[in-house]
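Keep the structure open as you read.

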Amino acid sequence: MTDAPNIDEIVDPGLDPGTEIARLRAEVAALTARAEAAEAAAEHDVLTPVLNRRGFAAAMVRTMAYCSRYKVPAVLLYLDLDGFKAVNDSLGHAAGDAALVRVAELLLENVRATDAVGRLGGDEFGVLLLNSGLEAGREKAAGLKQALEDAEFRWEGVAASLGGSFGVRAFAGQADVETWLAEADAAMWVRKRGR
């Protein structure tokens, strides 16, 4: 372990102390901004304008704690895109990436600013609605499903559909994030298989 530098190694003796303090404050501010940017990047998806799985899980933890403490409802929507592999296979991965961005944008456009949207992996997304119960979650899922189906997505002049299947699961005191996600995922698979 190295010792911390002494003040004479940090402060330039040829500078006015006020100037040196201002320089050090600016350096601290720049380092703080870089740390905050790195932290934000750690919780946001690298491709789409939504949270990544880690960021979405953090939002879920906060929501679960809030709901438990204040007895307010929340609902989780789990989206798996239908036919997404066909977009990648027929139009290429760049088209698939563009389709994922479009889906994320559509989700964000159709939820409140207080709701959380995250890409959970591949072609799966989560939407977390605070102060919404199961019925409101089902209505929101139906509306989002329709918005996806109505959306026009074209890649180099070729149209592709952006449909998906939603699982809806209300917060009911689940022990942890993974349990709640697994329940919503299972509900989504029931809907997908039933079509």
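Helix H4 (residues 84-91) packs against helix H5 (residues 93-109) at an angle of about 140°, and their axes lie 6 Å apart. Axes here are lines fitted to C-alpha atoms, for helices over the stretch in contact, and angles run from 0 to 180 degrees between N-to-C directions. Helices are DSSP runs of H or I with at least four residues, strands are E runs of at least two, and both are numbered from the N terminus. The angle makes H4 oblique to H5. Angles under 35 degrees count as roughly parallel, over 145 as roughly antiparallel, 65 to 115 as roughly perpendicular, and the rest as oblique.

This is a predicted model: local features need pLDDT of at least 70, side-chain atom pairs count only at pLDDT 80 or more, and totals for chains, interfaces and linings use all residues. Residues are numbered from 1 along each chain as its sequence is written, and side-chain values use heavy atoms, with hydrogens and water left out.

Which residues of H4 and H5 make the contact? H4 supplies Phe84, Val87, Asn88 and Leu91. H5 supplies His93, Ala95, Gly96, Ala99 and Leu100. Contact means heavy atoms within 4.5 Å.

Now turn to the strands. Strand E1 (residues 74-81) pairs with strand E6 in the antiparallel sense, over 7 bridges. Two strands pair if DSSP finds at least two bridges between them. Val75 stands opposite Ala170 in E6. E6 (residues 164-170) is mostly covered, with 6 of its 7 residues buried. Buried means under 20% relative accessible area, exposed over 50%, and partly exposed in between (1.4 Å probe, protein chains only).

Strand E2 (residues 116-121) is largely enclosed by the rest of the structure, because 5 of its 6 residues are buried. E2 pairs with strand E3 (residues 124-130), again antiparallel, over 5 bridges. Val117 has Val127 of E3 as its bridge partner. The hairpin of E2 and E3 has 2 residues between the strands, and Gly122 takes a positive phi near 50° there.

Is Arg53 buried or partly exposed? Arg53 is partly exposed, with a relative accessible area of 33%. Beyond its neighbours within four places in sequence, Arg53 is in contact with Arg119, Leu120, Glu178 and Leu181. The side chains of Arg53 and Glu178 make a polar contact (3.3 Å). Such a contact is a pair of N or O atoms within 3.5 Å; within protein, one must be able to donate a hydrogen and the other to accept it, and residues adjacent in sequence count only if both atoms are side-chain atoms.
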